[in-house]
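Trainee: I would like to go through some of the labels used for this structure and hear what each one rests on.
Mentor: Go ahead, and ask for the grounds each time.

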Amino acid sequence: MIRVRVLGGRAAMIQEGSGVELVELIRNAKRALVFISVPWSSPERNGRKVFGAAVDRLELVFRDGDASFFRLEVDEDAVSQQWLSWIGYLQLAGMGAGSLLWLDAGKVMSTEINANQLGVNGIVERTLMLWIRGSNNTAMFSPSEVDGRSLIVLRHHPRWCGKQFVVVEKGELELDGAVLDLVGEKSRRAISNRELASMLTVKPDSLIEECRGFDLFLIQDADD
């Protein structure tokens, strides 16, 4: 039976189950983020919490059908192990590390051995880069591409704070020679290459309310 995980008192978009239940759904999904799960590993149990917290954020970016999230139970499960072998990642079944697979239309696009090591911010950042920026077939914007466009910088807050994101800063991007600046009402600062690489286009149907009305957004790590 496929189970839906509950986070923060509400249903999250994590489908949980064995290979019989999930493999075909994973293979047929437009985009799938899969957590490789076993019952005997402490690192896996911690990684499961990290994965759940990351999905809780990603739900705000992806609408139904744009992305699917799975916790695949592989321990002593022939169907899931056969699928992992077929895609070339059978070793993940025996590691018990809480590994991750990102797939587009059944094709593996990226992997991570240990969800704990990548962390919540890392999972979110990797997913956004693969599935939003990657869909544009470009690694990052060039400074000239974003010159004159509006940017909002956000930081994630836990759900108990009310809002999912708080606004750190906002303004217009301005290329002055070789330096790209973010110009606000009372401030001006240079944009780093890391920030430029992490910028994402605001979709017309964005679920992040604070992004509406801006051209670009950037989610800042809590420790930045």
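Trainee: What makes β9 and β10 a pair of strands?
Mentor: This is a predicted model, and in it three bridges join β9 to strand β10 (residues 188-190) in the antiparallel sense. Two strands pair if there are at least two bridges between them, so β9 and β10 qualify. One of the bridges sets valine 183 against arginine 188 in β10. Four residues lie between β9 and β10, and the two strands form a hairpin.

Trainee: How do you know that β9 also pairs with β8?
Mentor: By the bridges again: five of them link strand β8 (residues 165-176) to strand β9 (residues 179-183), in the antiparallel sense. The pairing rule asks for at least two bridges, so β8 and β9 meet that rule. Glutamate 174 has aspartate 181 in β9 as its bridge partner.

Trainee: Which residue in the turn between β8 and β9 has a positive phi?
Mentor: Glycine 177, with a phi of about 70 degrees. The hairpin of β8 and β9 has two residues between the strands.

Trainee: Why is β3 called largely enclosed?
Mentor: Seven of the seven residues of strand β3 (residues 31-37) are buried, so the rest of the structure largely encloses this strand. Arg31, Leu33, Phe35 and Ser37 point one way, while Ala32, Val34 and Ile36 point the other way, and all are buried. In a regular strand the side chains alternate between the two faces of the sheet.

Trainee: Which strands pair with β3, and in what sense?
Mentor: β3 pairs with strand β5 (residues 100-104) in the antiparallel sense, over five bridges. With strand β4 (residues 68-73), β3 runs parallel and is joined by six bridges. Arginine 31 has aspartate 104 in β5 as its bridge partner, and serine 37 stands opposite glutamate 73 in β4.

Trainee: Why is serine 18 called buried?
Mentor: Its relative accessible area is 17%. Buried means under 20%, so serine 18 falls within that class. Serine 18 sits in the loop between β2 (10-17) and α1 (19-28). Beyond its neighbours within four places in sequence, serine 18 is in contact with Val23, Leu72, Glu73 and Asp77.

Trainee: What puts the buried residues of α1 on the same side?
Mentor: The buried residues in α1 include Gly19, Leu22, Val23 and Ile26. They cover an arc of only 110 degrees around the axis, which puts them on the same side of α1. Val20 and Asn28, on the other side of α1, are exposed.

Key: Residues are numbered from 1 along each chain as its sequence is written. This is a predicted model: local features need pLDDT of at least 70, side-chain atom pairs count only at pLDDT 80 or more; totals for chains, interfaces and linings use all residues. Side-chain values use heavy atoms; hydrogens and water are left out. Buried means under 20% relative accessible area, exposed over 50%, partly exposed in between (1.4 Å probe, protein chains only). Contact means heavy atoms within 4.5 Å. The arc is that of the directions from the helix axis to the C-beta atoms.
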